[in-house]
Amino acid sequence: MTATPTVVVVGGGFGGLNAARALRRAPVNVVLLDRNNYHLFQPLLYQVATAGLEPEEIARPVRAILRRQKNFDFRLVDVTGVDFAQRQVATSAGSLAYDFLILSQGSETNFFGLDSMRQHGLGLKDIPDAIRIRNRVLASFEHAMLEPDPERRRAMLTFIVVGGGPTGVEMAGALSELIRLVLVKDYPRLNIKDVRILLLEGTDKILAAMPERLREAAVKTLWRKWIDVRFNAVVADFDGELVRLKSGEVIPAHTVIWAAGVKARPLVSQGRFRVTPTLQHPEHPEVYVIGDAAHFEDGGRPLPMVAPVAIQMGKHAARNIRHALRGETLQPFHYRDQGTLATIGRNAAVADVYGVKATGFLAWVMWLGIHIVQLIGFRNKLFVLVNWAWDYFFYERAARLITRD
Ligand SMILES: Cc1cc2nc3c(=O)[nH]c(=O)nc-3n(C[C@H](O)[C@H](O)[C@H](O)COP(=O)(O)OP(=O)(O)OC[C@H]3O[C@@H](n4cnc5c(N)ncnc54)[C@H](O)[C@@H]3O)c2cc1C
């Protein structure tokens, strides 16, 4: 080991950023590698996709976040592989040696082998994805205004969200409000009856991690927002104009937002990497794998791919590196589940947080508070709050620009 050990952290998301921060007083040099120069608050990406927020309001440069941390350095690189035997990380700017490595490269959209969906569907995982959805939704209305054929116009104004998890539910709710509360004012000649939003869920329930009462409340709220929720609706194909379901049904629609799942980024393994109870690589104890990239079982089931898991794992990996430096025994990881939340537009959410189960306005206020607290940076908190207040009182969405890709 070198005089001052180097800890290389791959990924400045929830896991990597928290790990780097938790090492601020450790006698190590921390080098964080990311292909983006920002930390992204993914839980609010759908609001960028539905013109509610601008990207810079939910992201912050990593260098700005950790600028006061003396033992910290950042490199804007693409990580292409790891040589565990030589303890080297391969990047787009050459290789980098490490004494400890924390892998937190997160996940990517999982199209479950549906190539037609990869080609024509819209995933939601990063800022460019969100902007692509925003452009498509807004452009659909412009194109529909120019379309003389009523069938084609209806297909242009049919928006399908696939996946009834929190992302799909939130996306469908926000899309409905963008259209029914805001865009109707921009398109006074539009027949709102031509607009359809469908939420397709492959199983018989949405928000599967929530108690039944909250799941039912969520479905009712979606219906009230004119969202057609379909259960056991499995997508088989999408050619850009028609969605085919496994049941044989064909739905004419030009916009499909794919929120059906994510899979770990294949940096060191296909799928999530199975770690030891202390979050280490079983054969290379100097390597830790955390967040969405890690497979860690709790009560016989893998932990979900959510931000609190990544944050807690990041802090824990840093703690174990400090133990290792002092020659102490490493501690096993225990996840503290804080519950789940999903919002379905204004005054409507479902929450199961710290054992408190709530629906409607109360759950919505809980959702607002928790997200504002978690956003990084005072400027982001302030701008998001101002935007939300503006939208709430004036039924507006500030970011309604169609930009070129
Ligand atoms: C649309 C959406 C909504 C979500 N909503 C919620 C929610 O409401 N609540 C919740 O708890 N969770 C939510 N999640 C999940 C949550 O965001 C993830 O579980 C969490 O971000 C995982 O943290 P991570 O550190 O493992 O990965 P990430 O936060 O994804 O960070 C990975 C980082 O690694 C970088 N990276 C990846 N590959 C490379 C490479 N090869 N080279 C260099 N850099 C690389 C990426 O640029 C990124 O910065 C949502 C996710 C999405 C996509």
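User: Which residue of E27 stands opposite Asp352?
Analyst: This is a predicted model, in which local features need pLDDT of at least 70 and side-chain atom pairs count only at pLDDT 80 or more, while totals for chains, interfaces and linings use all residues. Residues are numbered from 1 along each chain as its sequence is written, and side-chain values use heavy atoms, with hydrogens and water left out. Helices (H or I, at least four residues) and strands (E, at least two) are DSSP runs, numbered from the N terminus. Strand E27 (residues 356-359) runs antiparallel to E26 and is joined to E26 by four bridges, and in E27 the residue opposite Asp352 is Lys357.

User: Which residue stands opposite Asp352 of E26 in the pairing with E25?
Analyst: Two strands pair if DSSP finds at least two bridges between them. Strand E25 (residues 339-343) runs antiparallel to E26, with five bridges joining the two, and one of the facing pairs is Thr343 opposite Ala349. Opposite Asp352 stands Thr340.

User: How much does the open sheet of E25, E26 and E27 twist from one strand to the next?
Analyst: Angles are taken between N-to-C directions and run from 0 to 180 degrees, with axes being lines fitted to C-alpha atoms, for helices over the stretch in contact. The three strands stand in the order E25-E26-E27 with antiparallel pairing, and E25 and E27 are the edge strands, each of which pairs on one side only. From one strand to the next, the twist averages 5°.

User: How many residues of strand E26 are buried?
Analyst: A residue is called buried under 20% relative accessible area, exposed over 50%, and partly exposed in between, with a 1.4 Å probe and protein chains only. Strand E26 spans residues 349-353 and is mostly covered, and its number of buried residues is five of five.

User: What phi does Asn347 have?
Analyst: Most residues other than glycine have a negative phi. Asn347 lies in the loop between E25 and E26, where it counts as partly exposed at 30% relative accessibility. Asn347 is not a glycine, yet its phi is positive, with a value near 60°.

User: Which residue takes a positive phi near 45° in the hairpin of E26 and E27?
Analyst: The hairpin of E25 and E26 has five residues between its strands, and Gly345 in that turn has a positive phi of about 105°. The hairpin of E26 and E27 has two residues between the strands, and the residue there with a positive phi near 45° is Tyr354.

User: Is Leu279 buried or exposed?
Analyst: Leu279 is found in the loop between strand E20 (273-274) and strand E21 (287-289). Although it is not a glycine, Leu279 has a positive phi of about 75°. Its relative accessible area is 0%, and therefore Leu279 counts as buried.

User: In E16, which residue is the bridge partner of Asp237?
Analyst: E15, E16 and E17 form another open sheet, with the order E15-E16-E17 and antiparallel pairing. The edge strands, each pairing on one side only, are E15 (235-238) and E17 (250-252), and the twist averages 20° from one strand to the next. E15 pairs with strand E16 (residues 242-245) over three bridges, and in E16 the bridge partner of Asp237 is Arg244.

User: What relative accessible area does Leu382 have?
Analyst: Leu382 lies in helix H11 (residues 378-394), and together with Phe378, Phe383 and Val386 it forms a nonpolar patch on the surface, with about 410 Å² of accessible area. Such patches are made of residues with over 30% relative accessible area and no salt bridge, where nonpolar side chains (Val, Leu, Ile, Met, Phe, Trp, Tyr) are joined within 5 Å and like charges within 9 Å; a salt bridge is a side-chain nitrogen of Lys or Arg within 4 Å of a carboxyl oxygen of Asp or Glu. Leu382 is partly exposed, because its relative accessible area is 39%.

User: What radius of gyration does the chain have?
Analyst: The chain contains 11 helices and 27 strands, and its C-alpha trace spans about 70 × 40 × 40 Å along the principal axes. The radius of gyration is taken over C-alpha atoms, and the globule rule is 2.2 Å times the number of residues to the power 0.38. For 405 residues, a compact globule would have a radius near 22 Å, and the chain agrees, with 22 Å.

Key:
Accessible areas come from the Shrake-Rupley method with a 1.4 Å probe; for residues, only the protein chains shown count as cover.
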